[in-house]
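Work through the exercises below with the sequence and the structure at hand. Try each task before reading its solution.

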Amino acid sequence: MSQDIHEYLAEFDDIPGTRVYTTKRARAGYWLNQFAMSLMKAENRKKWLADEAAYLEDWPMTDEQKQAVLDRDYNRLLDLGGNIYFLAKIFSTDGLSFVQAVSTMSGMSEEDYKAMMMAGGRSPEGLRSIKEGR
Amino acid sequence: MARITAGVATSHVPLLGVGIDQGKMDDPYFKPIYEGYEWSKKWIAEEKPDVIILVYNDHASAFDMNLIPTFAIGCADEFQPADEGWGPRPVPPVKNHADMAWHIAQSLILDEFDMTIINQMDVDHGLTVPLSLLYGQPEAWPVKVIPLAVNVVTYPPPSGNRCWMLGEAIARAVESFEEDLNVQIWGTGGMSHQLQGPRAGLINAEWDQKFLDDLTADPERLRHIPHIEYLRETGSEGIEMVMWLIMRGALGPNIKELHRHFHVPASNTAVGHIVLEKEA
């Protein structure tokens, strides 16, 4: 029951507003994610909070990745190979919850996002497929 | 001989650990979530399983991007709760049945499942939140736990069918372990949720409910759900539900649903929980 890898991957680009964490993204984001992972250690969090730009100097990330980290632009970070569970180390260090951080990617205010979740979440209607518009 | 008697599935939302750790059980936001576990807490106190094979995924806690094992089994005597960036959860260390874990590891490899064996590993909310939901806040966990970690973060994760077959192989491995033990298998994660991108917050209660139904009514359908359907219908993180199929595959054909709970939301997530008993 083997599946064609190219067809398998091509379908991922048809999902609206979603970056699937493929091996291509994992390769591009390796150091970005490893940097984020370093914030698991209290001593590193302290250094990071003292001087973010200096802390990033030590990591072989692209300039775009570094800037997006400094900007806390999470959608951009996803595009540049970041994975949400790794990026979580950055927003946790900022004292943000998953709901707070995730809402920044949704284009909604935190209040509106929370209200949407309390009302049952975002409907999949119209958000399943770009091509098929369903 | 060891025998699998029941399966449990539950979401493992980190916020549900926070709610318990901070004593917010009666808070109006949390109360309807935890109430759905009351039945299960009484049930497990009577069942007293000796060992739980706990299927979960690590969330960039024990595994970074350096190592990405598809299926990994914890074989050390003990695992500490992970510091996920805000200090470790105040929960007891997880004690393994290491002889059984090694037995399962070797049996699975001989059965053509090429497991990664892990000794030193901290366990994150994926493993400890389900324990808290079913056991509350004991001084020590009253059960041995064999951690079985699945990659559902970097694509491709294992297929639902492969997970099912791993479950079947786990059942064979348990049955060939000589000690007389009451063993449960738990599948964790899910249900619908998306933690990233403009589509974040997606919930598909209808799809989730059908998934819960078909764990008993039509498990063959679940087994063959492709990744793209999880992604489209249940959000990018809904893929965690393939881990429930390891649990379901291990239970065999004759099972009975004992209890079910579904609630939206916990944080960004639809909470699902089910208890399945294996019939003789």
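Predicted model: local features only at pLDDT ≥ 70, side-chain atom pairs only at ≥ 80, totals over all residues.

Residues are numbered from 1 along each chain as its sequence is written, chains are lettered from A and ligands numbered from 1 in the order in which they are written, and side-chain values use heavy atoms, with hydrogens and water left out.

**Exercise 1. Describe the make-up of chain A.**

Step 1. Take the elements as DSSP runs numbered from the N terminus: helices are H or I of at least four residues, strands are E of at least two.
Step 2. Chain A then has ten helices and zero strands.
Step 3. For the extent, take the C-alpha trace of chain A along its principal axes: the spans are about 50 × 40 × 25 Å.

**Exercise 2. Describe the interface between chain A and chain B.**

Step 1. Find the residues in contact, meaning heavy atoms within 4.5 Å. On chain A there are 47 such residues, and they touch 43 residues of chain B.
Step 2. Turn to area. The size of an interface is often given as the accessible area lost when the parts come together. Buried area is the accessible area (1.4 Å probe) that two parts lose on being put together, summed over both. Chain A and chain B bury about 4,000 Å² between them, with 61% of it on carbon and sulfur atoms.
Step 3. Find the main contributors in chain A. Y85(A), M117(A) and R122(A) lose the most area to chain B, together 16% of what that side buries.
Step 4. Count polar contacts, which are pairs of N or O atoms within 3.5 Å; within protein, one must be able to donate a hydrogen and the other to accept it, and residues adjacent in sequence count only if both atoms are side-chain atoms. Between chain A and chain B, 23 residue pairs are in polar contact, both residues being at pLDDT 80 or more.
Step 5. Assign the chain A side to elements. Those that give two or more residues are α2 (23–28), α3 (30–38), α7 (74–79), α8 (84–93), α9 (98–105) and α10 (110–118) of chain A. α8(A) gives the most, with five residues.
Step 6. Sort by class: Ala, Val, Leu, Ile, Met, Phe, Trp, Tyr, Cys and Pro count as nonpolar, Asp, Glu, Lys and Arg as charged, and the others, Gly among them, as polar. The side of chain A that touches chain B has 25 nonpolar, 14 polar and eight charged residues.

**Exercise 3. Count the salt bridges and examine two of them.**

Step 1. Side chains of opposite charge can pair when their charged atoms come close. A salt bridge is a side-chain nitrogen of Lys or Arg within 4 Å of a carboxyl oxygen of Asp or Glu.
Step 2. Over all chains, the structure holds 21 salt bridges. Between chain A and chain B the count is four.
Step 3. One between the chains joins D83(B) and R45(A), at 3.9 Å from N to O.
Step 4. Within chain A, D94(A) and R72(A) meet at 2.6 Å, N to O. D94(A) lies in the loop between α8 and α9 of chain A and R72(A) in the loop between α6 (63–71) and α7 of chain A, so the pair ties together parts that are 22 residues apart in sequence.

**Exercise 4. Work out how two pairs of helices are arranged.**

Step 1. Axes are lines fitted to C-alpha atoms, for helices over the stretch in contact, and angles run from 0 to 180 degrees between N-to-C directions. Angles under 35 degrees count as roughly parallel, over 145 as roughly antiparallel, 65 to 115 as roughly perpendicular and the rest as oblique.
Step 2. α9(A) and α10(A) pack at about 105 degrees, with their axes 9 Å apart. α9(A) and α10(A) are therefore roughly perpendicular to each other.
Step 3. In chain B, the axes of helix α3 (residues 38–47) and helix α5 (residues 125–135) come within 7 Å and cross at roughly 85 degrees. α3(B) and α5(B) are therefore roughly perpendicular to each other.

**Exercise 5. Locate a cis peptide bond in chain B.**

Step 1. The bond from Y155(B) to P156(B) is cis, with omega near 0 degrees.
Step 2. P156(B) sits in the loop between β7 (144–150) and α6 (160–175) of chain B.
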